[in-house]
Amino acid sequence: MEAEYMWGLAHPSLFKGEGGYYLTTLTSAINVLKADSSEDQSDLQTELKVYFEDQNTGQFSSAFYLQVVPLMTAAEICEVIADKHRISHPQSYALFTVINGQAKRIEDKEHPHEIKTKWLQDQNVNKPRLIAYKRVLT
């Protein structure tokens, strides 16, 4: 419960670096324990699965889970990812939705958690779709 308060009340800039790492680890452990003890998966909705694009093949093969506050913007999430993965030129990357192989940039002010929630509510679950952190083509 305290971890949820920290996510909700803390400023998103505090999630960068070591503090964000430990809070993410704590929240992930709590969610795993909750998932093991009950069938209700609604508590996992603050977890965002993000894929990296392989620069050589263009495929989205590697993924990681990131704990996000539902109101975090795409720009804030990109900052956290760049910090965690030590991206040298973070301004060259952005979040994208990839549906049936077609990538569309998520605008900086949009909320990826809301996009994910809409996907979960969508009845057409057969569409392959994901959220990716990839280089922006200029």
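1. Val-50 and its surroundings. In this predicted model, Val-50 touches residues from several separate stretches of the chain, not counting those up to four places away in sequence: Ser-62, Ala-63 and Phe-64, then Ile-81, then Leu-95, and finally Ile-131, Ala-132 and Tyr-133. Val-50 belongs to the largest nonpolar core, which has 23 residues. Together with Leu-66, Met-72, Ile-77, Ile-81, Leu-95 and Tyr-133, Val-50 is among the residues that touch the most other members of this core.

2. Where the core comes from. At least two residues of this core are supplied by each of strand E1 (47–53), strand E2 (60–67), helix H3 (74–84), strand E3 (93–99), helix H4 (112–121) and strand E5 (129–135). The most comes from H3, which gives six residues. In soluble globular proteins, nonpolar side chains tend to be buried together.

3. Helix H3. Which residues of H3 are buried? They are Ala-74, Ile-77, Cys-78, Val-80, Ile-81 and Ala-82. An α-helix has 3.6 residues a turn, so residues three or four places apart point the same way. The cover over the buried residues of H3 includes the strands E1, E2, E3 and E5 and the helix H4. After H3 comes Arg-86, with a positive phi near 50 degrees.

4. Pro-90 is found in the loop between H3 and E3. Its relative accessibility is 36%, so Pro-90 counts as partly exposed. Leaving aside residues up to four places away in sequence, Pro-90 touches Ala-82 and Tyr-133. The C-alpha atom of Pro-90 is 7.7 Å from that of Cys-78, a residue 12 places apart from Pro-90 along the chain.

5. Strand E3 and its partners. Six of the seven residues of E3 are buried, and the strand is thus mostly covered. E3 runs antiparallel to E5, and seven bridges join the two. Within this pairing, Leu-95 has Tyr-133 of E5 as its bridge partner. E3 also pairs with strand E4 (residues 102–105), again in the antiparallel sense, over four bridges. Here Val-98 stands opposite Ala-103 of E4. E3 and E4 make a hairpin with two residues between them, and Asn-100 in the turn has a positive phi of about 50 degrees.

6. Aromatic pairs. How many aromatic pairs does a search of the whole structure find? The count is three. In one of them, the ring centres of Phe-52 and Tyr-133 are 5.8 Å apart and the planes stand at 80 degrees; an angle over 60 degrees counts as edge-to-face, so this pair is edge-to-face. Because Phe-52 lies in strand E1 and Tyr-133 in strand E5, the pair ties together parts that are 81 residues apart in sequence. Phe-52 and Tyr-133 are both buried.

7. A second ring pair. Tyr-93 and Tyr-133 are stacked, with 5.2 Å from centre to centre and 10 degrees between the planes. Tyr-93 belongs to strand E3 and Tyr-133 to strand E5, so this pair ties together parts that are 40 residues apart in sequence. Tyr-93 is buried at a relative accessible area of 17%, and Tyr-133 is buried at 1%. The cut-off for buried is under 20%. Ring pairs link Phe-52, Phe-64, Tyr-93 and Tyr-133 into a cluster.

8. Lys-134. Is Lys-134 buried or exposed? Lys-134 is buried, with a relative accessible area of 10%. The side chain of Lys-134 meets that of Glu-53 in a salt bridge, at 3.7 Å from N to O. This links distant parts of the chain, since Glu-53 is in strand E1 and Lys-134 is in strand E5, 81 residues apart. The charged end of Lys-134 also sits over the ring of Phe-96, 5.0 Å from the ring centre.

9. The other salt bridge. The count of salt bridges comes to two. Besides the pair with Lys-134, the side chains of Asp-108 and Arg-105 meet in a salt bridge, at 3.7 Å from N to O. Asp-108 is partly exposed, with a relative accessible area of 39%, and Arg-105 counts as partly exposed at 35% relative accessibility. Side chains of opposite charge can pair when their charged atoms come close.

Terms used:
Residues numbered from 1 in each chain as written. Predicted model: local features only at pLDDT ≥ 70, side-chain atom pairs only at ≥ 80, totals over all residues. Heavy atoms only, no water. Core = buried A, V, L, I, M, F, W, Y, C linked by side-chain atoms within 4.5 Å. Buried < 20%, exposed > 50% of the residue type's maximum accessible area, 1.4 Å probe, protein only. Contact = heavy atoms within 4.5 Å. Phe/Tyr/Trp six-rings, centres within 6.5 Å; stacked < 30°, edge-to-face > 60°. Lys NZ or Arg CZ within 6 Å of the ring centre and 35° of its normal. Pairing = 2+ DSSP bridges. Salt bridge = Lys/Arg side-chain N within 4 Å of Asp/Glu carboxyl O.
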